[in-house]
Amino acid sequence: MTTTSLTKSRGAGQSGDKVFSAATLAAGCLILVVLFGVALFLVIQALPALVAPGDKIQGGEGFFTYIWPLVIGTLIASVIALVIATPIAIGVALFISHFAPRKLASGLGYVIDLLAAIPSVVYGAWGVAFLAKEISPSYNWLAGNMGWLPIFQGPASATGKTILTAGIVLAVMVLPIITSLTREIFLQTPKLHEEAALALGATRWEMIRMTVLPFGRPGIISAVMLGLGRALGETMAVALVLSSGALTASLIQTGNQTIAAEIALNFPEASGLKVNTLIAAGLVLFVITLGVNMIARGIITRHKEFSGAN
Amino acid sequence: MSKRIDVKDLNVYYSKFLAVEGVNINIDAKSVTAFIGPSGCGKSTFLRTLNRMHEVIPGARVEGEVLLDGDNLYGPGVDPVTVRSQIGMVFQRPNPFPTMSIRDNVLAGVKLNNTKISKGEADVLVERSLQGANLWNEVKDRLAKPGSGLSGGQQQRLCIARAIAVEPQVILMDEPCSALDPISTLAIEDLINELKDQYTVVIVTHNMQQAARVSDKTAFFNIAGTGKPGKLIEFGDTPTIFSNPTEKATEDYVSGRFG
C-alpha cells in the first residue's frame, strides 16, 4: 500500500457530487435572480408614475394621495382576516394535535387541508352570492347597536358587499394555511417537555400554555405571516366581494379598496401612465409584504435564546 | 412533609397487554428506594403509576391500589393533576422548559398551584429550591438566562429544584443520571442523600453501584421473557439484596451473571 491509494478517489461518486452541488447552487441563485428581476421590473415600470406631475395621476393629486387609501384598505382587510382567523386556526390546530381522538384528528386535518385547495375565485363567488346576503342583517344590527363606534357607523350597506365581508372571506381563506402550519409545529413539541409540565401537576390546558404554545411561538408567527402574505395579496375574492369606493372608517358601509383588487380591476383597460401607476401600486404592495416578513423575522430572532432550538 | 407509599396487588396494562403484574411493595417515608432490573422489566412503567404519569400514554390503566399515607391514588374522584402536584418526578433526560429562564423554571410548578406569589416570596423560594438542589452557587448570577444553556448535570439539578419547589410528598426519579457524566452523576447522588432527610425518594436505575450507593432499600424487578409481564422479584434492605439475596434470579442479576 502506498499513499497514492488515499489520494485517488472514485471518479463516478465525485462527479455525482459535483453535479449535485452545482444543481443546488443554480437553484439557489435562480430564486435570487427571479426576486431581483421582479423588483427591478417593478421599480423601472413604476418610476414614471412616481416622478410624474400630480395632476397626471388618477385623482389628480399625485401618486401618494392615490395610493395611501389603498394601503390602508389593504391593511384593514388583512387585519380583519388575521384577527378572525388566527385564534380559530390555533384552536383548531390545538384540538387536532392535543385533544381530538386520533381518527377524528386525521379526518379533520384532511378537511382543513382541502379548504386550502379551493380556488380563490370560488371563495369570491361564495362571498358575494351567499355570505354578503346572509350577513347584511347583522350589519344593520351592528349599525343600530354599536353605531357609536366609528368602525360600525351606519347606514349599513344593503348588499353586504363591504370590507368586513371581504375580511371574513379572507379569514376563511387564510385559516387552512395557519391551521396546518401551526398543527405541524404543535405536534413537534417534545414529549419530554409536555411530560415535565404534567408531572408538575399541570392540567392539559396549563401544559399547553407552558410548553406547546411557547415552543410553537416562532412557528405561530411564521404561520400568521404566511397567512398575512396571502391576505395582502389576495385579489380575486376581494375584487368580487368588495363594492369598492373611497376610504371610510366604517367597516359595514361600501367603500375602501385593496391594492391587489385595484390593480386587477383596472389593469385590463389601463394604458399609458395609468399602467405605470398600477405597477407602482404593485411595488408598494411588494414593499409592504417584504416589511411585514422582516418584522416577523425580527420578532423570531429576538427570542431565539429561549426558542427551544438550542 | 413526606409520606409513605403502599402498593397492593398492582397490575399495569397497556390496552390489553399486561406490562407489570401483581406488585406489592411498601415504601417508607424519608428513605431512598431503588428499583433495579434488566431493560423492559417494567420498573419505569411501575414508577410512573406512582404519580399516574403512565396515563399520558393512551390505553394505559391499572388494577389495584396505590396508597399515599393510606389515601388511594386510584380512588374514585381522585384528580391525577392533584396527585402529580404532590408526587414530583425527575426524568431520564434533563427537561427544563427551554422557553423559560432558570428562575421561571424553578417557579413553574408553584405558579400552577398558586398564581399569586409576591416577588419577594418567589425570590426566597427560588434561592431555597436551588440551594436544595445544590445549584444555587452556579446559577445565582444568571437566573434570567434560559435553563437550556446549562450543562446536562446542571439541567438535571434544575429539574430537581423545580420538583422540590412545590414541596412534594414524594420524589420519583426515572434513571436521573443515565444521560450524565460521572462527575454530574456524583453530584446528583450526593443530592439524593440530602433529599431523603425531607422527602421520600424512589429512584429507577440501571446502575447497580448507584443503587448500592444511594438507596436504603432495593427492589429487583424481572421479566420471564418477551411479551411476559414484569414482576417484583425481591424487595429488601439494600445490603441484603446485594450481598445475601433470597432469590436465585436476584443473585444472578446483582452478581452480573445476566441482564
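How many of the 259 residues of chain B count as buried? In this predicted model, the share comes to 49%. Chain B is built from ten helices and ten strands. Its radius of gyration is 18 Å, close to the 18 Å that the globule rule gives for 259 residues, so chain B is as compact as a globular protein of that length. Taken along the principal axes, the box filled by its C-alpha atoms is roughly 55 × 45 × 30 Å. As for how the chain meets itself, take the contacts between residues at least 6 apart in sequence: 71% of them join residues at least 24 apart.

Five of its five residues are buried. Val170(B), Leu172(B) and Asp174(B) point one way from the strand, while Ile171(B) and Met173(B) point the other way.

Strand β7(B) has partners to look at in turn. With β6(B) it runs parallel, joined by four bridges, and here Met173(B) is the bridge partner of Val90(B). With β8(B), residues 200-204, β7(B) also runs parallel, this time through five bridges. Met173(B) turns up again in this pairing, with Ile203(B) as its bridge partner in β8(B). To get from β7(B) to β8(B), the chain passes through helix α7(B), residues 182-195, and this β-α-β crossover is right-handed.

Next comes the meeting of the two chains. Here 22 residues of chain B are in contact with 19 residues of chain A. On the chain B side, the elements giving two or more residues are α2(B) (80-86), β6(B) (87-90) and α3(B) (102-113). The largest share, four residues, comes from α3(B). Sorted by class, this side of chain B has eleven nonpolar, eight polar and three charged residues.

Lys145(B) sits in the loop between α5 and α6 of chain B. Leaving aside neighbours within four places in sequence, Lys145(B) is in contact with Ser101(B) and Ile102(B). Lys145(B) and Ser101(B) are 44 residues apart along the chain, yet their C-alpha atoms are separated by 5.1 Å.

In soluble globular proteins, nonpolar side chains tend to be buried together. The largest nonpolar core here has 151 residues, and those with the most contacts inside it are Leu170(A) and Val174(A). Not counting residues up to four places away in sequence, Leu170(A) touches Ala77(A), Ser78(A), Ala81(A), Ala231(A), Glu234(A) and Ala237(A).

Technical notes:
Residues are numbered from 1 along each chain as its sequence is written. Chains are lettered from A and ligands numbered from 1 in the order in which they are written. This is a predicted model: local features need pLDDT of at least 70, side-chain atom pairs count only at pLDDT 80 or more; totals for chains, interfaces and linings use all residues. Two residues are in contact if their C-beta atoms, placed from the backbone, lie within 7 Å. Ala, Val, Leu, Ile, Met, Phe, Trp, Tyr, Cys and Pro count as nonpolar, Asp, Glu, Lys and Arg as charged, and the others, Gly among them, as polar. A nonpolar core is a set of buried Ala, Val, Leu, Ile, Met, Phe, Trp, Tyr and Cys residues joined through C-beta atoms within 7 Å. A residue is buried if 20 or more other C-beta atoms lie within 10 Å of its own, exposed if 12 or fewer, and partly exposed in between; C-beta atoms are placed from the backbone. Two strands pair if DSSP finds at least two bridges between them. A crossover is right-handed if, with the strands pointing away from the viewer, the path from the first strand over the helix to the second runs clockwise. The radius of gyration is taken over C-alpha atoms; the globule rule is 2.2 Å times the number of residues to the power 0.38.
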